[in-house]
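The following report is meant for a reader who meets this structure for the first time.

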Amino acid sequence: MERNRDAHARARYDRSRLSQRNRASGGRILFAASTRELQRDVGDVAAIEDDGTLITEPNAFDLRQRSIRFEPVSSSAYRVVAGNAVFDPGGGDRVFLDDDDAVLTQLGFVFSFFGREYTSVYLNSDGNLTFGEFDTAHTARDLGRFSAGPPRIGPFFADLDPPSGRVAVRRDPDGVLFIWDSVPRFEPSGTLEYNSFSAKLFTSGSIEFSFGERVLAAQSVVGISPGFSTGGITAVNFSDSLPLSGAAGTIVEVFSNRFEVSESAVARKFFENHPDDFDHLTIFLGFDYDLGGNAYAYEINVKNEVRGIGLPVEDYSAEYGSNGRLRSLLNMGTLTGVGRYPDDPHQVFLGTNSTLGLMGHESGHRWLAFTPFQDGLQSSYAILGRDQAHWSFFFDSDGSVMEGNDIEDRGADLGIQRFKTVGATYTYSLLDRYIMGLVGNEEVPKTFLVTDTYGTLKQASSNPQVGIVFGGNRKEVDIESIIAANGKREPSVHASPKVFRQGFILLSRRGQPAQEDQIRKVQRIRDAWVRFFNEQTGGRGWVVTDLQPTAGTTSSRILFPYFQGDRDRYTGIALANWGATPVDIRFTAYDNSGSPLKTPAEIINPRVITIPPLSQIALLAEQIHGLSLEDVRNGWIDAGSTGSHVTGFFLDGDVSQTLLDGAVASDRVDTSLYFVRIGGAARFKTLVNVMNPASVPAELTLTLVDQSGRAISTVSRTLNPRGRLAEDLTAVFPGASALQGGGYIRLTSDQGVVAYESLDAGVSTLALPAQPSSTVSRLYSAQFASGRAGSIRYFSELNLINTASEERKLEITLVGNSGAPVIAPGNPASIRIPAGAQYLARGEILFGLTDAALADSLVEGSLVVSCDGPGVIGDVTFGDPSGLRFLASLPLETSPASHLVLSQVAQETAGGSKPYFTGLAIYNPNAAGVSVTVDVYSEKGEKTGSAALDLPSANRISKTLPQLVPAINEQVRGYIRLSSAGGPIVAFELFGDQTVDFLAAVPPQPISP
């Protein structure tokens, strides 16, 4: 924890120092890069060469025989000037201080310091004065302790040994002088580093430091601080930056005889060329460097928002160049050399540790191990060992990489040999995984701590070691005792992330670019670490190490505008992760007012679900949020993804499996949209659905338009931030039933919204997204069916709306599966649609075919709609021509694509009350033939089947999935990828039951792999 504290203080110090240097240079770049790039990505490794700001040179103490004066200019700021005082050790009353000791000294006057008044001060052994409380800790005398402790005046904050020198207090007429004369640096074996200096507190509130000829300790901090990490840090070079006006916060200079790596500066440099969406940064050093404190590697907690894991809630991410995303930074130290990381990351070389174990250990410190447990009536830290940041040697940690041991209890009758350590530092235990947010508390088994140990010299802070036997008493430790002492983990496993993005950095010295073998070594570590983390978290946790986001893919935000139902209706959701990296999907359900759903009490909201690479989930939205069909739900779902390679759609269905249809989900929002179909009460019940995903209100205008383009009625609504309008058409427009199924709704909004309509005919339902105006002059549908196929009859109805401000001429061609226009009296059909008007016609009427309800054969194919200008939109609806059963609807396609994903598979020829089938239709709109590859994946990411199709120009293929891909006979869940070589294609998938009681048509989603 002390290292974290100092790292954050150093980050502020380095940032202040760099800012001052930039100002001194007139804003010019301090170190211009040569033709050699100082930062480059090689695979998954960011090779960064120091530019003079990442590795600071030694700062030797240079204030001998000088003085510094701090003059208050306000309650929070000082003017710092060079003084003219000469160090004078004479006189005064000697104060006898031991090592790490303090004495309270009365000043004899009121002294004002950073706006507060004091009449006494603690004189501490280690070259400093503190107000309110003493500071005699044995921890490092570093900047973190200097600024985070009590209000402090530090003429020379260092590890000193007063008994071997002289400390005195001299009272002058104008103040009190505190003298350290010939006080050596503390060193048990003796030292020649003697130090002479003083600090004077004036009755005026000024402070003066004076330094003698001998000030020899190499490491020290000089300055003043308001304490408790308040006011920031102002870095000062006391030897050449004075006078300095208006200095605030901790005003300080750090002296050191060694060069220092600034992790915060490295992180800020990394974020100059990489996105701010990394949870962890891992730095390896391509040069020899002593991390200090006997550390082999260490972790810095940058931000923690998790409660119940023994860490404070805090955020220092801004100091590291992040806007709140970065949680942890690992400094893994020197990469190569004697005793450093072996070429094989799995090789055990440091006690019980391998490179992967060390990576697991340092990465684990983002959460672990800081938790006490409840022992009777009090909280106990006995399960913790070294620095109270690791598991105790005597804690059965199940071989955790966070130390402790896997301890075997061989029976009380064995006495001194009862307990034996049988494993260490190879995995994350279930307790670890709970604290990391990867499993629920119900999955964590009981474990134990050995107390009153005997028969061994090991201590709680000892490093793990296999094969050690000892006696003692067994104390049970269960997860309830962990929770009792720390509180419940928040967020819980249901809402915590499982995928962590980790950037790997190889830092090299200035003028010494990273060597290729070093980069390859870091890459090997990275490759093995990704697998190790997933395996040792039981498949619950994932690491993603891509340095740059993949451009041109699907959105990382998926909006489901529909989440409602009752005991008979449900909302289904399918999401396919077609990418090579895992993703976390964070589902947040909102009610129509824009508030997150909070009822019933058992609701899981938000909910995080991980989709592994190439995998898929298909769940009821009710399942996602832990609801039953009896629970009230009427709202929408915002699903945020950690990756940009997820496609999805949603379905509205009923328990009896007679109603089903759906629409794709994405992040697209628009300010102008059209509900292209409406139904009067006699034919359809129409749900008008508008969702505002923004954080500000949306002002809506909805206009009901008849088929001629005449506005019938206009209403205005205000949608709350994240609110939703979900009303029956006749509630929005009371006179809508008079339109008898024709007409449409025009929607405008001052904020981008998502809109969707559901039409319920009682025996079937169909769903359509509201559409923006088209910018193209040619539209397609890969679906047209009219007539009889076996015992089933189909009709197709074409719905077109001209959103342009002028009339549009259209030619509509029905193209057969073989690529030739279907021979029919009205094919192609030529029509005119006035500005703002709607054209609505059954296919057999449009093309002069036999009535679909009477035809003895089936006419099928694709539709090509050619317009004399943009602006035409619409859909094709198909189903039973007589009873309006198994209706489904598809928007007309405006943008054929070469790479498509269909996010669900439901192919089940047996089993269940109504086995499903999945059908595919693919149309080639190009003048030349295309080759189409159909790849089918299971929900677990396994490729279950593949087919290659040659599709000539204008040809269409429409078959069930087993007909296209014979390897697929029985598969429920999964997804389909379509890839076309030679030109873009038009496609859709169709779900139905084997008796065709319902159909659901869903367009694909284009991707750019």
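In this predicted model, phenylalanine 284 is in contact with Met332, Gly333, Leu335, Tyr341, Met359, Phe504, Ile505, Leu506, Leu507, Val522 and Ile525, leaving aside its neighbours within four places in sequence. Phe284 also belongs to the largest nonpolar core, which has 60 residues. Together with Leu368, Ile383, Trp391 and Trp529, Phe284 is among the residues with the most contacts inside that core. Helix α7, residues 516–536, gives the most to this core, contributing 7 residues. Apart from this core lies another one, of 44 residues, with Phe61, Phe70, Phe209 and Ala217 among its members. In soluble globular proteins, nonpolar side chains tend to be buried together.

Glycine 538 follows α7 and has a positive phi, near 65°.

How many of the 11 residues of helix α3 are buried? The number is 9, so α3, which covers residues 263–273, is largely enclosed by the rest of the structure. The buried residues of α3 are Glu263, Ser264, Ala265, Val266, Ala267, Arg268, Lys269, Phe270 and Phe271.

**Strand β11 and its partners**

Strand β11, residues 166–172, is likewise largely enclosed by the rest of the structure, because 5 of its 7 residues are buried. Strand β6, residues 93–94, pairs with β11 in the antiparallel sense over 2 bridges, and arginine 94 stands opposite alanine 168 in β11. Strand β12, residues 175–184, also pairs with β11 in the antiparallel sense, here over 7 bridges. In this second pairing, arginine 170 stands opposite leucine 177 in β12. A hairpin of 2 residues joins β11 to β12.

Another open sheet of 4 strands has the order β36-β41-β38-β39, and its pairing is antiparallel. Here β36 (557–565) and β39 (607–611) are the edge strands, each with a single partner, so one side of each has no neighbour in the sheet. The twist in this sheet averages 25° from one strand to the next. Strand β36 and strand β41 (residues 633–641) pair in the antiparallel sense over 7 bridges, with leucine 559 opposite aspartate 638 in β41.

The residue pairs named above that stand opposite each other are gathered here.

| Residue | Opposite residue | Strand of the opposite residue |
|---|---|---|
| Arginine 94 | Alanine 168 | β11 |
| Arginine 170 | Leucine 177 | β12 |
| Leucine 559 | Aspartate 638 | β41 |

Arginine 366 is placed in the loop between α4 (355–364) and β27 (373–375). Is arginine 366 buried or exposed? Its relative accessible area is 3%, under the 20% limit, so arginine 366 is buried. The side chain of arginine 366 makes a polar contact with the side chain of asparagine 304, at 3.1 Å. Not counting residues up to four places away in sequence, arginine 366 touches His280, Glu299, Asn301, Lys303, Asn304, Glu305, Val306, Leu311, Arg327 and Ser328.

Threonine 334 is found in strand β24, residues 328–334. Threonine 334 is also buried, since its relative accessible area is 6%. What lies by the polar atoms of the side chain of threonine 334? The backbone oxygen of phenylalanine 287 lies 2.9 Å from a polar atom of this side chain, and the backbone nitrogen of tyrosine 289 lies 3.0 Å from a polar atom of the side chain of threonine 334. Both Phe287 and Tyr289 are among the residues that threonine 334 touches, along with Leu285, Asp288, Arg340 and Tyr341, not counting residues up to four places away in sequence.

Key. Residues numbered from 1 in each chain as written. Predicted model: local features only at pLDDT ≥ 70, side-chain atom pairs only at ≥ 80, totals over all residues. Heavy atoms only, no water. Core = buried A, V, L, I, M, F, W, Y, C linked by side-chain atoms within 4.5 Å. Buried < 20%, exposed > 50% of the residue type's maximum accessible area, 1.4 Å probe, protein only. Contact = heavy atoms within 4.5 Å. Pairing = 2+ DSSP bridges. Polar contact = N/O pair within 3.5 Å; in protein donor to acceptor, adjacent residues only side chain to side chain. Axes fitted to C-alpha atoms, helices over the stretch in contact; angles between N-to-C directions.
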